[in-house]
Amino acid sequence: MGLNTLSLAHDFIRRHVQPGAHCIDATAGRGRDTALLCELAGSSGHVWAFDIQQSAIDQTNALLASRGLSAEVILDSHVNMAQYVPPESIDCIVFNFGRLPGGDPNIFTTPDASIQAVETGLSLLKPGGVMSLSLYYGGANGYEERDALLEYFRTIDDHKYSVLTCDWANRKNDPPIPVFLWRA
């Protein structure tokens, strides 16, 4: 795979998730990130995956079953993650903001819910935990969420978290933006 947002995100995740890790795929989608987290965390770890679309839940469960993997796949918004896991218990959280590829183009993440979900995620990360966030924008969901998230990232406490936002300087057509966060 060439260098793109997905390859950067997966490389980051592979570098930080060890066997026994507790992880969240906050936007299950087709289940690829959920499967990667399950493979890395292994049988001694635990993975929760969230999505608001039944089709995403079904696709994720089907992919996991085809690979002999297991996760707790939950039909609920990532805003509600804290109802399922205790604070400071998660090693890695993965977000893909935008919409489900091939899904209903009228269903996509929104600025307020996304910021609330990231804030919730910050409270769930244990010390040393990480977050991988990919911002897909343009099209039906426009640029409002991208701009709101990028501005929000600048406000996160720099004594407790480090946030790196990346920009594809020479790529056309609204390439997804990779963002990486570390908790001290």
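A polar contact is a pair of N or O atoms within 3.5 Å; within protein, one atom must be able to donate a hydrogen and the other to accept it, and residues adjacent in sequence count only if both atoms are side-chain atoms. In this predicted model, local features need pLDDT of at least 70 and side-chain atom pairs count only at pLDDT 80 or more, whereas totals for chains, interfaces and linings use all residues. Residues are numbered from 1 along each chain as its sequence is written, and side-chain values use heavy atoms, with hydrogens and water left out.

The N-terminal end of α1 is capped by Asn4, a side-chain oxygen of which lies 3.1 Å from the backbone nitrogen of Leu6. Helices (H or I, at least four residues) and strands (E, at least two) are DSSP runs numbered from the N terminus.

In α4, Pro111, Ser114, Ile115, Ala117, Val118, Thr120, Gly121, Leu122 and Leu124 are buried. These residues pack against β1 (22–25), β4, β5, α5 (144–153), β6 (161–165) and β7. The expected span of a helix is 1.5 Å times one less than its number of residues; the 14 residues of α4 should therefore span 20 Å, in agreement with the 20 Å between its end C-alpha atoms.

Terms used. Buried means under 20% relative accessible area, exposed over 50%, partly exposed in between (1.4 Å probe, protein chains only). Contact means heavy atoms within 4.5 Å.
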